[in-house]
Amino acid sequence: MTEEPGKERSSADPPEKARHAAHTWEEARQAAFDAATPIPAGPVPLHLALGRILDQDVVALQDMPHYASSAMDGWAVNGTGPWILVEPGTRLAPHQASPIVTGGLIPPGGKGVLRSESAGLGKDEDGLPVLMTGGSARPGEPRTGQHIRKAGEEALEGDILVKAGAQLNPAHLALAALAGYDELPVQGKPVVRLLLTGSEVIGEGIPVPGQVRDTFGPQLPAVVTMLGGIAGGQQRIGDSYEEWLAALEDVVPEAPGAPDLPADVVITTGGTGRSGTDHLRDAVAELGGRLVIDGIAMRPGHPAVLAELPDGRFVLGLPGNPLAAMMALSTVGAPLLAALGHGRLPDIQEVPCGSIIEPDPGRTRLMPFRLLYGMASPAQHTGPGMMRGLASADGVMVVPPHGVQLGELVPAFALPWGPPIPAPAAPGSKAKPRNAARPGRTAAKTAASGPVDWSALLG
């Protein structure tokens, strides 16, 4: 008999799903990275291009500036003064002048610009108004070409203004606008839509017993952006299978400028366990998708799921506990978004461990840590449902199943919002002790060697 989607199995049912072999932590990272291909490049409006990687050179579409203009408020003149005044824009004959403002088009025949503060109005012998030099004018002013911005002095048509591969900054965008561009071709980035679940979750106020505050809504959009994605809005659903299925069938992003198409990645929270309210796997199966990752031999975050739907969308199922979800996102989501966004597999560094960590056969443990005197010591308050330890952490240790000895190098990765993990000291180098004895004094007797207890410093 076929089980209905979302229906909980009884204890007598054969545990086919429970017998799958979970990926190791290293395998899961690599599988997530290998599953995706970079999103093709495409044009985006200038106001959405900041921080994006330029895919093609930006070239001058015409000379820049494309016309000769005045660098000052004043008068466009031809020849030496005094000058007879004519209407703006009129072709200037020798000894003629017309008013002009900064950036104004130099009229035909204009040879220079006399600044307002260097000019004065007078009358000729016939009583007609004329322009004369005066005020702060220097002898011979204006010289030919003085205070004129020549056409093409910044760039000639076809010149490369910004090279492909540049990460676009505000000055790049201003330069592109100056050159006449409305859009720029940039490398693709994944649009990520969030699907948040849990009938017990509230979005504001102090939760009462049986309720919990939403930690994903305030956190995940920012982390997605830090990992190279485009936050495409979020939707909250209940715990029924029908809601899960409907939400996964058509999850259109709400990101500005995003196409009216389903998001590249859907990140779900909760629903990755094996209870009657955990519907992710059944919904993926009904939509014809495949599981790329179904569980990881790590903690916290072991129930993480990565699936690919027939239309090419990825569904990343995070556990419902906040710390477990962040560790799963770091393990699977970071490589996935990097691959979709033309990036590389995120770096893993090594740090010396500041304590002894006992073995946990068969499971990798991800431990937020604090750097104390150059050593990584496990942070406190790091239960699967806690966030306090991660909020003050300097990174995350990747503790292998066989454990770690005091001072042993252990793999670690930086947090999306934190600085890079510092490289360990070179072999043989010694740091000067903080309490080194001054010359002429006897050093205090050192404590007996052994494990260091940093707990008092990690509050």
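Visitor: How many helices and strands are in the chain?
Guide: The chain has seven helices and 26 strands. Helices (H or I, at least four residues) and strands (E, at least two) are DSSP runs, numbered from the N terminus. This is a predicted model, where local features need pLDDT of at least 70 and side-chain atom pairs count only at pLDDT 80 or more, while totals for chains, interfaces and linings use all residues. Residues are numbered from 1 along each chain as its sequence is written, and side-chain values use heavy atoms, with hydrogens and water left out.

Visitor: What share of the residues is buried?
Guide: Of the 459 residues in the chain, 41% are buried. Buried means under 20% relative accessible area, exposed over 50%, partly exposed in between (1.4 Å probe, protein chains only).

Visitor: And what about contacts between residues at least 6 apart in sequence?
Guide: Of those contacts, 68% join residues at least 24 apart. Contact means heavy atoms within 4.5 Å.

Visitor: Helix packing next. How do α1 and α6 cross?
Guide: The axes of α1 (residues 25–35) and α6 (residues 322–340) come within 7 Å and cross at roughly 25 degrees. That makes α1 roughly parallel to α6. Axes are lines fitted to C-alpha atoms, for helices over the stretch in contact, and angles run from 0 to 180 degrees between N-to-C directions. Angles under 35 degrees count as roughly parallel, over 145 as roughly antiparallel, 65 to 115 as roughly perpendicular and the rest as oblique.

Visitor: Left-handed or right-handed?
Guide: The crossing of α1 past α6 is right-handed. A crossing is right-handed if the near helix is turned clockwise from the far one by less than a right angle, and left-handed if anticlockwise.

Visitor: Which residues meet there?
Guide: From α1, Trp-25, Ala-28, Arg-29, Ala-32 and Phe-33 meet Thr-331, Val-332, Pro-335, Leu-336, Ala-338 and Ala-339 of α6. By class, this contact of α1 with α6 has nine nonpolar residues, one polar and one charged. Ala, Val, Leu, Ile, Met, Phe, Trp, Tyr, Cys and Pro count as nonpolar, Asp, Glu, Lys and Arg as charged, and the others, Gly among them, as polar.

Visitor: How does α3 pack on α6?
Guide: α3 (residues 216–226) and α6 pack at an angle of about 25 degrees, with their axes 12 Å apart. That makes α3 roughly parallel to α6. The crossing of α3 past α6 is right-handed. Phe-216, Gln-219, Leu-220, Val-223 and Val-224 in α3 meet Pro-322, Ala-325, Met-326, Leu-329 and Leu-337 in α6. The contact of α3 with α6 divides into nine nonpolar residues, one polar and no charged.

Visitor: Backbone now. Which peptide bonds are cis?
Guide: One of them runs from Met-64 to Pro-65, with omega near -10 degrees, and Pro-65 sits in the loop between β2 (58–59) and β3 (69–70). Another runs from Gly-81 to Pro-82, with omega near 0 degrees, and Pro-82 is in the loop between β4 (74–78) and β5 (83–85).

Visitor: What is the relative accessibility of His-381?
Guide: It is 31%, so His-381 counts as partly exposed.
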